[in-house]
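Dear colleague,

I am passing on the structure that we spoke about, and my notes follow below it. Please read them with the model open beside you.

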Amino acid sequence: CTVIFTRLATRDLHKPISILFCNLAVSDLFTSFSGFWISMLFITNPDITIFGSRDMLAPYSLYTTSILSTIYNLVSIGIERYLAVAESMRTRFRVARNHSIAVVFINWVLAFFLGCLPLMGWNCLQAESNVSVLYSPFCVNYLVFIAMPNVAVAFLVPLFTYLRIIIILRKRKLRMQACGQATGTYQSAETQVARTSISIWLLALVSYAPFLAGVIFDAANRRCHTELYPGVYIFRNCTAMLITITCLGNPVLYTLRLRALGARLKALRGLSACAI
């Protein structure tokens, strides 16, 4: 909420990256809200969060939608940062405000469609044989369908984009050195981008890898709920806490360093223009 209100108050939403940051904050807000909803259901009626109930379909679907939206926003931000750095090199494509708005719209449409599939009928309220042990009444095949490709996207696409950013900055620094020009700005920018990129990737890895492991365990497991209680459900709660930590870490990684990182990128584009 602080990120959203700050963006609206400073009238900074005309920048494409600011739209993505604000939308990421909205996704984190939805994740927190749906997680609080699930926690209240556990407090009032713990059995339905373990054995499953129709009452769990809506909060789990909202939780899934918000997580998917967060993943798509993280990927979009990584791609936008790559285009911003590579803009003065080979590509002539400039990310505009309309592009960011379209990306936000597509991200939410895709997240809502995939996240609400259980509400549309892809659930195991009647098919007990394929029911998820950790997230009843979701089906195991639905969780595999959602988790596998999206977690892979969350890991691989940011890793590729941020590695490309670091490689581009390194090449520019070497070119400036060959021309006998100062490279202090490049060295500082390269270090900052590298640290931020590693932090982003590690946060996603720590947050979503346990959830993926839980889904794989769920797909390979055929035992009943009581045989797995309470250890597996403690692990499930820990994965939810890690995802919540992601919601707290995103504003620190993106918003608080946005001004400094933006200034670095502007300086780099200026130096590249002078060199060319």
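Helices here are DSSP runs of H or I with at least four residues, strands are runs of E with at least two, and both are numbered from the N terminus. The model is a predicted one, in which local features need pLDDT of at least 70 and side-chain atom pairs count only at pLDDT 80 or more, whereas totals for chains, interfaces and linings use all residues. Residues are numbered from 1 along each chain as its sequence is written, and side-chain values use heavy atoms, with hydrogens and water left out.

The protein has ten helices and zero strands. Of its 276 residues, 48% are buried (buried means under 20% relative accessible area, exposed over 50%, and partly exposed in between, with a 1.4 Å probe and protein chains only).

The loop between α5 and α6 holds Ala 127, which counts as partly exposed because its relative accessibility is 36%. Ala 127 and Pro 137 are ten residues apart along the chain, and their C-alpha atoms are separated by 9.3 Å.

The second largest pocket may also interest you. A pocket is an open set of points on a 1 Å grid over the protein atoms alone, where a 1.4 Å probe fits and protein lies on both sides within 12 Å along at least five of seven lines; its lining residues have an atom within 4 Å of a point. The second largest pocket is lined by 31 residues, and those nearest its centre are Ile 38, Tyr 60, Tyr 63, Tyr 135 and Ala 240. At least two lining residues come from each of α2 (16-44), α4 (57-86), α6 (140-178), α7 (184-220) and α9 (231-255).

Tyr 60, one of the residues nearest the centre of that pocket, is found in helix α4. Is Tyr 60 buried or exposed? Tyr 60 counts as buried because its relative accessible area is 5%. Between Tyr 60 and Cys 116 there are 9.1 Å in space, C-alpha to C-alpha, although the two are 56 residues apart in sequence.

Lastly, Met 40 is found in helix α2, and it counts as partly exposed because its relative accessibility is 36%.
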